Amino acid sequence: RSLPVGRVVEWGCGGGANAVHFAPMTESFVGVDISQATLDECGVVLRSMGQENFQPVLTDVSDPEAAADALAGTADVFLCTYVFELLPSQEHGQRILDIANRVLRPGGTAIIQIKYETADRKTKSRKWGYRRNLANMTTYCIDDFWHRIERAGFIPVSISLRPKDNLIDDERYAYFVLDKPAS
């Protein structure tokens, strides 16, 4: 893609850790989150950098499709990191993949990060103790997630695995780059 990118939608923008890197390269940066407080913080951070292109969108975790309706077909890039492992289920993750496809223009690109499972039982999704198991609530087998990507209508372009991330002292991250077909 050439710079600047028209519109980036970050699903789960939080306080702006990714926004500070992506917003300066876009004409419009849309941050979607379930927390008004983090949307406000993201806006403060971006304005402090002189970025005036931020559009906050508050969404309800039980109905994320409602937020996507207003954004349908408007984004060149869909970004979603550190969200899928916090979702209540893999099925909810499929909904977010479907939303990503709906939000992107034909020919758009999605960058999505998940936490992946290994043969070790301890890496499987946790269906209990949300507070204690937050970062492992929903994990995926790589091949299962690949099939989910295709089911959502994407063409997988690349995957990068990070077995250990020393920066955040965590493990098993997979980063996917996906294209929405141009036609």
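Trainee: How many bridges join β2 to strand β3?
Mentor: Five, and the two strands run parallel. Keep in mind that this is a predicted model.

Trainee: Which residue of β3 does G31 stand opposite?
Mentor: G31 faces P56 there.

Trainee: How does the chain get from β2 to β3?
Mentor: The path goes through helix α2, residues 36–48. This β-α-β crossover is right-handed.

Trainee: What about the other partner, β1? How many bridges join β1 to β2?
Mentor: Six, again with the strands parallel.

Trainee: Is β2 mostly covered or mostly open?
Mentor: Mostly covered. Seven of the eight residues in β2 are buried.

Trainee: Back to the helix. Which residues of α2 are buried?
Mentor: L39, C42, G43 and L46. They sit on the same side of α2, because they cover an arc of only 100° around the axis.

Trainee: And what covers them?
Mentor: The cover includes α1, β2 and β3.

Trainee: Which exposed residues does the face turned away carry?
Mentor: A37 and S48.

Trainee: How far apart are the end C-alpha atoms of α2?
Mentor: They are 18 Å apart. At 1.5 Å a residue, 13 residues should span 18 Å, so the two agree.

Trainee: What happens at the start of α2?
Mentor: A side-chain oxygen of S35 comes to within 3.3 Å of the backbone nitrogen of A37.

Trainee: Which residue follows the helix, and what is its phi?
Mentor: G50 follows α2, with a positive phi near 85°.

Notes: Residues numbered from 1 in each chain as written. Predicted model: local features only at pLDDT ≥ 70, side-chain atom pairs only at ≥ 80, totals over all residues. Heavy atoms only, no water. Buried < 20%, exposed > 50% of the residue type's maximum accessible area, 1.4 Å probe, protein only. Helix = DSSP H or I, 4+ residues; strand = E, 2+ residues; numbered from the N terminus. Pairing = 2+ DSSP bridges. Right-handed = clockwise from strand over helix to strand, strands pointing away. Expected span 1.5 Å × (residues − 1). Arc of directions from axis to C-beta. Contact = heavy atoms within 4.5 Å. Polar contact = N/O pair within 3.5 Å; in protein donor to acceptor, adjacent residues only side chain to side chain.
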